[in-house]
Amino acid sequence: MSNEINEKTLNRRKFLGAAGAVGAGTLLASCAPGMTGGAMAADKKPNLDGTIFNFALNLEYLEAAFYLAAVGRLEELDAVGGDSSKVILPAGFTGKGGNGIKFESADVAAYANEIASDELNHVRIIRTVLGKGAVAQPMIDLGPAFLAAGNAASGGAITGFNPFANDLFFLHGAFIFEDVGVSAYKGAARFLSDTSAGGNLENAAGILAVEAYHAGQIRTLLYQQRNTQVTPALKVSDVVAAISNLRDAVDGASDVDQGILNAAGGANIVLADTNSIAFSRTPRQVGNIVFLKVDAVKGGFFPEGLNGDFAAILAL
């Protein structure tokens, strides 16, 4: 995918709708079928498109910061309206000016750079179409939050987890986010009001597709190293399964997560249900994962919470 996006190819008036649709909770007034005299329908449908995309923007800030830091390009976040000074990283690691992961594999470095550019483009285009309604980047924790996630996922077997330490740890860190992004966009689709050609639903589907490509790539790379020992007691497949179980433990009662091995021990690259349909997560379930706690409003990767009022969609 190109490192740059031609924003002129997108119909700004359709993507996120007219300016009035950007505000959270804006209502679309419509007449009920068969009613005359301009009578309003009893049940007005709330237009949540702007709220949904601002929620997504918080997550895109997180993903962009993670990948840009990994490849030493974190300063590029500032150029699209982000704030690299609000990214907490492991001590001694800046993620800027080429100070990224010392990748052993040139291929993994190339993949990481491509994904970093994709996530940067997502931040740029969502901020562009939201205009003045775009929320600012919140504080993002890519240091202690990973320590907590690694410890929780491994039951204390992995301490000091640093996704910027090497290729393999980077892939584990990326795994925490990628499947969540796919299920988040899938779950939000039914709440979007603009289903016109080139509109919000179509563009959200386009972003979902890119996130799914990323997730498939990360899961494939981890599967290729599934038998590599991470600790004396844990192989890569075990750590991935533990991360998957952690996500399932906090996102609710449903079981919508899987590791990279199926029940028979074969490849499980595509995260999907028995009909090979990708899972959905509600905004609340997504929040539970990124906050690393059920029903929290801050913590984990967002120590001060998300920017924006998301009460309307966290209750869905």
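A crossing of two helices is left-handed if the near helix is turned anticlockwise from the far one by less than a right angle, and right-handed if clockwise. By this rule, helices H1 and H2 cross in a left-handed way.

The model is predicted, so local features need pLDDT of at least 70 and side-chain atom pairs count only at pLDDT 80 or more, while totals for chains, interfaces and linings use all residues. Residues are numbered from 1 along each chain as its sequence is written, and side-chain values use heavy atoms, with hydrogens and water left out.

The chain holds eight helices and six strands. Helices (H or I, at least four residues) and strands (E, at least two) are DSSP runs, numbered from the N terminus. Their order along the sequence is β-β-α-β-α-β-α-α-α-β-β-α-α-α. Of the 316 residues in the chain, 51% are buried. Buried means under 20% relative accessible area, exposed over 50%, and partly exposed in between (1.4 Å probe, protein chains only). Contact means heavy atoms within 4.5 Å. Among contacts between residues at least 6 apart in sequence, 71% join residues at least 24 apart.

Two packed helices are described by the angle between their axes and the distance between the axes. Axes are lines fitted to C-alpha atoms, for helices over the stretch in contact, and angles run from 0 to 180 degrees between N-to-C directions. H1 and helix H2 (residues 106-130) pack with axes 8 Å apart, at an angle of about 150°. H1 is therefore roughly antiparallel to H2. Angles under 35 degrees count as roughly parallel, over 145 as roughly antiparallel, 65 to 115 as roughly perpendicular and the rest as oblique. The residues in this contact include Phe-53, Leu-57 and Tyr-61 of H1 and Ile-115, Leu-120 and Val-123 of H2. By class, the contact of H1 with H2 has 13 nonpolar, three polar and four charged residues. Ala, Val, Leu, Ile, Met, Phe, Trp, Tyr, Cys and Pro count as nonpolar, Asp, Glu, Lys and Arg as charged, and the others, Gly among them, as polar.

H1 (residues 49-70) also meets helix H5 (residues 200-224). Their axes come within 13 Å and cross at roughly 25°. H1 and H5 are therefore roughly parallel to each other. Asp-49, Phe-53, Glu-60, Glu-63 and Tyr-67 of H1 touch Asn-200, Ala-204, Ile-207, Glu-211 and Ile-218 of H5. Five of the residues in the contact of H1 with H5 are nonpolar, one is polar and four are charged.

Asn-288 lies in helix H7 (residues 283-291). Asn-288 counts as buried because its relative accessibility is 3%.
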